[in-house]
Amino acid sequence: MRGVFVSIVMLFAIGVVSAQEPFNGLITRMDGSGIRATVRVKGSSKWTKADGKGRFGLTDIEACDTLCLTYRRDTLVVAVEGRKSLHIVWAEEGEVYSSVKESEELANFGYGYVKRRESVDYSSGISGDRLRSVGCSSLLDALLICCPSLRYYNGELCLRTQNSINSSSAVLILCDGVETRLEYISLYDVKSVEVIKGPNMYGFRGVNGVVLISTMTAEDALSRKR
């Protein structure tokens with residue numbers, strides 16, 4: 001019986017590792033220069049933003065997912081179609097076509113692009129489903145696992161690289177636009193979390209960074225149950 005239990009645990013662990021496999025991408029112009037496009041997963045709150053060289057990283061990408069790339073006023077829709085990585089050459093005005101291909105070099109880079117996107121001075125978006133998938137019961141624990149740039153120190157949620165001019169290094173936490181504390185929010189009500197690490201619209205209050213939490217509406221909750 002114990003052997004059966006161990007086997008089940010091992011199969012579950014393999015499934016979790018597989019689900020969290022990194023997905024790396026590169027978006028360039030036809031001359032090879034990078035494009036700072038926003039990358040969203042269609043039908044999901046999951047998204048990220050490419051850096052100056054066009055590099056982006058995501059996790060939990062399914063074979064049937066579709067990526068929606070936005071740059072300025074242009075949008076490009078790309079089906080993943082089971083690929084483990086994508087090098088996207090985006091044709092701009094006056095050019096003939098865009099190309100999409102799998103890149104073994106990008107796939108072999110592992111979590112490098114995911115970590116790079118989390119370490120730059122911009123923001124990273126995390127879906128509520130991603131937070132709940134790690135198996136924690138509290139929003140704080142799930143955030144610390146899913147966003148390595150956050151730490152919990154002296155009772156405060158802080159950015160790891162933040163050197164504050166204030167006496168406190170705590171990030172500003174807003175839930176649906178209202179300032180709050182993480183312990184007041186149920187992990188199971190969360191739709192998405194955005195961690196803003198650079199300059200933002202919140203002035204002095206947001207100088208240490210901002211965590212923006214969106215909760216599910218009744219419609220979101222019903223669609224999730226389906």
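Me: Is Arg 205 buried, partly exposed or exposed in this predicted model?
Reply: Happy to start there. Buried means under 20% relative accessible area, exposed over 50%, and partly exposed in between (1.4 Å probe, protein chains only). Arg 205 has a relative accessible area of 48%, so its class is partly exposed.

Me: Which residue forms a salt bridge with Arg 205?
Reply: A salt bridge here is a side-chain nitrogen of Lys or Arg within 4 Å of a carboxyl oxygen of Asp or Glu. For Arg 205, the closest N and O atoms are 3.0 Å apart, and the partner is Glu 179.

Me: How many residues apart in sequence are the parts that this pair ties together?
Reply: Helices (H or I, at least four residues) and strands (E, at least two) are DSSP runs, numbered from the N terminus. Glu 179 sits in strand E13 (residues 178–179), while Arg 205 lies in the loop between strand E14 (190–196) and strand E15 (210–215), so the parts tied together are apart by 26 residues.

Me: Which helix holds both Asp 129 and Arg 132?
Reply: These two form a salt bridge, with their closest N and O atoms 3.1 Å apart. Asp 129 is partly exposed at 48%, whereas Arg 132 is buried at 14%. They are three residues apart, about one turn of the helix, and that helix is H4 (residues 128–132).

Me: What is the N to O distance between Arg 55 and Asp 51?
Reply: Both Arg 55 and Asp 51 are buried. Their side chains meet in a salt bridge, at 2.9 Å.

Me: How many salt bridges does the structure hold?
Reply: Residues are numbered from 1 along each chain as its sequence is written. In this predicted model, local features need pLDDT of at least 70, side-chain atom pairs count only at pLDDT 80 or more, totals for chains, interfaces and linings use all residues, and side-chain values use heavy atoms, leaving out hydrogens and water. The number of salt bridges is five.
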